[in-house]
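This briefing covers charge pairs, strand pairing, backbone angles and surface charge in one structure. Please keep the sequence at hand while reading the points below.

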Amino acid sequence: MVSSVCAAAQLPDKVADKTLIVLLNSVELCRAELHGEAKGPWYPMLFDTPLLMRFPSGGGNAYVTTHPHNNEENHWPDISVSYDVADGGKAAYVKFGNSNFNVLVELTSPVQTVPAGGTAPVTEGKAYMYWHEDGETLHFRSATFILRDAWKYDPSFQLPATPQEDGDPELLDDGLNDILTALQNRTARNADERLYIRRLTSLLPTVMTLRDPNFTSDEYKGNTALHYAAGLGHKELVQWLVDHGADTTVRTAKGKMPMQCVGGVNAAEIRRILSSGVPSVVMAPASLVKKTFTYHSETLDEPIIVRWKKSDVEDEGKVTPDKDWLITHAEYSRTGTATATVLRRTEWAPGGTYAAGWRDMVFELKFTSPKGGTATCTETDKTGTEKVTEGTFTIN
């Protein structure tokens, strides 16, 4: 159903008997330290159930409701919800939470629309969410909101939920989830262990989601999961990370490699793993967004360069020297090989006897490092004739 935009709107001062819905079906998530800034990386998340808050009639801008997951076996503290308008109605802040977590949702860019076939206007706009829980802050961007009159069927409060699937092919596990669960239940013996466990339980979910054992960000000061695992003396985790392509020579902001962080009762074994451990698989990047793929071959006068801008699927790219490429599909495994299919369109001059031609180029990539390796390019022209070249590639 198509909505018609009436006008720019202000967010109301009072929201009694209204329902706020925050849509997270195309949101991006970033992890940070508790109350820390979002410094990346961002990765997409899909929630098929939105966040929903129904402010009761006569209840003003605040109410307390039972946790939606309460049942006979699990008793969660009640959730408090409040709404405050700001900046003359150009923005509003919604807070909710209990003793276990608290969340701030920032609502901006309101416009008033009328749904097709409807008469009651609704207010829509952008939403940004800060979710504080378990010693870290999750940032959610690219969310949207709808503020409308409450329906009697609206629940009092609804937490967002991700789709439930039988196994997620995009999630790297291979035993890492069991290690993570054991870490979450482990009792720290000192302050250093407490820090390493907290950092690892924050890092490892992102390692699994991004399929990148070398993931780190500014708030970790260059420390990767391998640095913390070595410092904790966690032999099994060190072995897992090395086997899945963790860089044993990566340095922190202070210049320390994992070998210089080794501690604990398994120090000798961990040093052996780090010194002799060669990754059995070099992982490809989890995403090519905002990255540049460059292919060199002795048979080419100039390299082929592809730049992904916003998405690594069906997104425009720039390639030299032809400058007329269209990336229509890119797919790759993150366990050592990658395939990028690029279609090249050649448009002839107006009035020519042949209006357009297409040919396929398929790059089979073998990663020798996370940023490059060797490549074989199979090019098929319009007659079906294949031309194969070999060369090297980099991804930066």
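Aspartate 154 is buried in this predicted model, with a relative accessible area of 7%. Its salt-bridge partner is arginine 148, with the closest N and O atoms 2.9 Å apart. Arginine 148 is buried as well, at a relative accessible area of 9%; the cut-off for buried is under 20%.

**Other salt bridges**

- A search of the whole structure finds eight salt bridges, one of which is the pair of arginine 148 and aspartate 154.
- Another salt bridge joins arginine 141 to glutamate 28, and here the closest N and O atoms are 2.7 Å apart.
- Arginine 141 belongs to strand β11 and glutamate 28 to strand β3 (residues 27-33), so this pair ties together parts that are 113 residues apart in sequence.
- Arginine 141 is partly exposed at 28% relative accessibility, and glutamate 28 is partly exposed with a relative accessible area of 24%.
- Within helix α5, arginine 272 and glutamate 269 lie three residues apart, about one turn of the helix.
- The side chains of arginine 272 and glutamate 269 meet in a salt bridge of 2.9 Å, N to O.
- Arginine 272 has a relative accessible area of 42% and is partly exposed; glutamate 269, at 32%, is partly exposed.
- A network of salt bridges links Arg186, Arg189 and Glu193.

- Strand β10 (residues 122-133) pairs with strand β11 (residues 136-149) in the antiparallel sense, over 10 bridges.
- One of the positions in this pairing is threonine 123, whose bridge partner in β11 is leucine 147.
- Two residues stand between the strands of the hairpin, and aspartate 134 takes a positive phi near 55° there.
- Strand β11 also holds arginine 141, the salt-bridge partner of glutamate 28.

**Positive phi elsewhere**

- Serine 109, a residue other than glycine, has a positive phi near 55°.
- Serine 109 is located in strand β9 (residues 101-115) and is partly exposed, with a relative accessible area of 39%.
- Lysine 221 is not a glycine either, yet its phi is positive, at about 55°.
- The loop between α2 (191-210) and α3 (225-232) contains lysine 221.

**Positive surface patch**

- Which residues form a positive surface patch? They are Lys39, Lys221, Lys254 and Lys256.
- Lysine 221 counts as exposed, at 56% relative accessibility, and the cut-off for exposed is over 50%.
- Lysine 254 is exposed too, with a relative accessible area of 78%.
- Lysine 254 sits in the loop between α4 (235-243) and α5 (267-276); helix α5 is where arginine 272 and glutamate 269 lie.

- How far apart are threonine 162 and phenylalanine 47 in sequence and in space? They are 115 residues apart in sequence and 4.1 Å apart in space, C-alpha to C-alpha.
- Threonine 162 is placed in the loop between β12 (157-158) and α1 (176-184).
- The relative accessible area of threonine 162 is 29%, which makes this residue partly exposed.

Key
Residues numbered from 1 in each chain as written. Predicted model: local features only at pLDDT ≥ 70, side-chain atom pairs only at ≥ 80, totals over all residues. Heavy atoms only, no water. Patch = residues over 30% accessible without salt bridge, like charges linked within 9 Å, V, L, I, M, F, W, Y side chains within 5 Å. Areas by Shrake-Rupley, 256 points an atom, 1.4 Å probe, with all protein chains shown as cover. Salt bridge = Lys/Arg side-chain N within 4 Å of Asp/Glu carboxyl O. Lys, Arg positive; Asp, Glu negative; His and termini not counted. Charge placed at Lys NZ, Arg CZ, Asp CG, Glu CD. Helix = DSSP H or I, 4+ residues; strand = E, 2+ residues; numbered from the N terminus. Buried < 20%, exposed > 50% of the residue type's maximum accessible area, 1.4 Å probe, protein only. Pairing = 2+ DSSP bridges.
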